Amino acid sequence: MRIIGMISGTSHDGIDVAVVDFADDGGRLTGRVLHTGSTPYSAGLRERLLAALPPAPTTLAETCELDTLIGQAFADAAAKASDAVGGVDAVCSHGQTVYHWVDGARALGTLQIGQPAWIAERLGVPVIADTRARDIAAGGHGAPLVSFLDALLLGARETPSAAVNLGGIANVTVVDPRGESIAYDIGPSNALIDAVVVEHGLNPMGYDEGGRIAASGHVHETLLRSLLDDPYYRQPAPRSTGKEHFNGAYVRAALARVDDSPNAADLVATLTELTVRTVAHELARTGVDHAIVSGGGCRNPMLLDGIRSAVPQVRIALSDDLGAPADDKEAIAFALIGWATMHGVPATIPSATGARGARVLGAIVPGDGPLRLPEPVAGIRSLVLVPPTAP
């Protein structure tokens with residue numbers, strides 16, 4: 001079964017797409033990655049999206065219009081991916097998170113927009129969407145859902161291992177030698193860096209390309225200590241967060257607490273070091289000796305090399321080593337979730353999200369004609385990914 005997985009992450013810069021052809025052999029799943037790609041949002045759409053995100057006020061009218069416009073953008077990206085491989089059987093669209101409602105240690109709700117009906121109308125195949133809500137309804141955080149893929153890729157090893165995603169928010173999945181998993185959001189990865197780059201006009205691309213800005217600055221230790229004192233980092237796992245907490249206003253409030261504010265380059269260097277310290281702390285605390293890394297932050301040497309230097313006892317590699325290209329792993333994860341939902345397989349790990357139990361995720365928008373689901377399968381025992389470059 002060919003599934004398109006789609007997501008726009010907490011960097012809000014565009015739509016990542018992966019087409020995966022899954023074949024099941026008694027619970028042993030093989031996923032051949034046929035196509036991957038990324039489609040940037042138009043400048044106008046991204047500007048409207050960013051202007052509507054918390055803590056900024058918005059209206060239901062703007063939310064409705066963005067839901068439609070982002071749904072149409074997802075439909076365009078899905079159509080291109082489907083055409084590239086000669087057609088697909090289903091789509092799993094994460095959409096665009098605009099709000100993740102967390103109160104203390106509990107997630108109470110989440111909202112992803114990008115109306116999936118536009119995708120179903122364009123491609124004529126079933127679309128799985130709204131994947132996080134069911135886990136939250138079951139008492140979980142609805143995140144990080146990528147832990148379902150991470151646990152299958154890492155498998156049971158003789159020593160604990162981890163998968164780290166460096167997106168807007170950094171998250172980690174830790175798998176122990178018994179194959180049991182825990183996962184949670186560590187804190188900001190690119191979210192605060194991007195906010196400062198945009199606010200100060202440091203790069204028209206909206207991020208610190210290659211870590212060059214951070215490399216030109218110096219860490220402001222007083223500010224860094226203040227940032228590290230955030231109570232979020234002391235919350236027990238599983239926990240989740242987002243740009244509702246870690247945003248430009250958060251940075252401005254932190255700057256107001258220090259006497260000598262850093263210049264823009266020093267601020268980016270300090271926020272980069274914040275991610276390095278918090279990620280390295282979790283890798284050291286959990287006792288892993290091997291970690292695979294994915295997400296946009298792994299292309300920033302100031303982040304990746306900084307983490308490597310901070311935890312030299314941990315062997316750090318890109319997720320490419322396990323068949324999941326580092327830039328495309330989250331899209332692949334949602335293709336996997338889509339396959340699982342179509343086959344009646346729960347695609348959550350309760351110890352990772354904090355839910356009462358594993359749940360089949362999402363709501364399905366039918367394509368053309370009656371909705372016909374394949375025969376349910378008992379579960380997934382193992383997964384092997386074959387990357388696009390493999391013969």
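Select Leu 192, Ala 195, Val 196 and Glu 199 in helix H6 together with Gly 248, Tyr 250, Val 251 and Arg 252 in helix H9, and you have the residues through which the two helices meet, where contact means heavy atoms within 4.5 Å. By class, this contact has five nonpolar, one polar and two charged residues, with Ala, Val, Leu, Ile, Met, Phe, Trp, Tyr, Cys and Pro counted as nonpolar, Asp, Glu, Lys and Arg as charged, and the others, Gly among them, as polar.

The model is a predicted one, in which local features need pLDDT of at least 70 and side-chain atom pairs count only at pLDDT 80 or more, whereas totals for chains, interfaces and linings use all residues. Residues are numbered from 1 along each chain as its sequence is written, and side-chain values use heavy atoms, with hydrogens and water left out.

Now show H6 (residues 191–199) and H9 (residues 248–256) whole: they pack at an angle of about 85°, with their axes 9 Å apart. The two helices are therefore roughly perpendicular to each other, a term for angles of 65 to 115 degrees. Helices (H or I, at least four residues) and strands (E, at least two) are DSSP runs, numbered from the N terminus.

Stay on H6 and colour Ala 191, Leu 192, Ile 193, Asp 194, Val 196 and Val 197, which are buried; buried means under 20% relative accessible area, exposed over 50%, and partly exposed in between (1.4 Å probe, protein chains only). The partners against which the buried residues of H6 pack are strand E8 (169–175), strand E9 (181–188), helix H7 (212–215), H9 and helix H10 (264–286). After H6 comes Gly 201, with a positive phi near 60°.

Rings of Phe, Tyr and Trp (its six-membered ring) pair if their centres lie within 6.5 Å, and planes under 30 degrees apart count as stacked, over 60 as edge-to-face and the rest as tilted. The rings of Tyr 232 and Tyr 233 have centres 6.0 Å apart and planes at 75°, so this pair is edge-to-face. Tyr 232 is buried at 5% relative accessibility, and Tyr 233 is buried at 14%.

Next, go to Leu 383, which, leaving aside neighbours within four places in sequence, is in contact with Phe 22, Leu 29, Gly 31, Leu 149, Leu 152, Leu 153 and Leu 336. Of the 41 residues in the largest nonpolar core, Phe 22, Leu 336 and Leu 383 touch the most other members; such a core is a set of buried Ala, Val, Leu, Ile, Met, Phe, Trp, Tyr and Cys residues joined through side-chain atoms within 4.5 Å. Among the elements that give two or more residues to this core are strand E2 (14–25), helix H5 (147–154) and helix H12 (329–342), and H12 gives the most, with ten residues.

Ala 143 and Pro 144 are joined by a cis peptide bond with omega about -10°, and Pro 144 sits in the loop between helix H4 (133–137) and H5. Another cis peptide bond joins Ala 237 and Pro 238, with omega about 0°, and Pro 238 lies in the loop between helix H8 (221–228) and H9. Finally, select Asp 130, in the loop between strand E6 (127–129) and H4, where phi is near 55°, a positive value in a residue other than glycine.

How values were computed:
Axes are lines fitted to C-alpha atoms, for helices over the stretch in contact, and angles run from 0 to 180 degrees between N-to-C directions. Angles under 35 degrees count as roughly parallel, over 145 as roughly antiparallel, 65 to 115 as roughly perpendicular and the rest as oblique.
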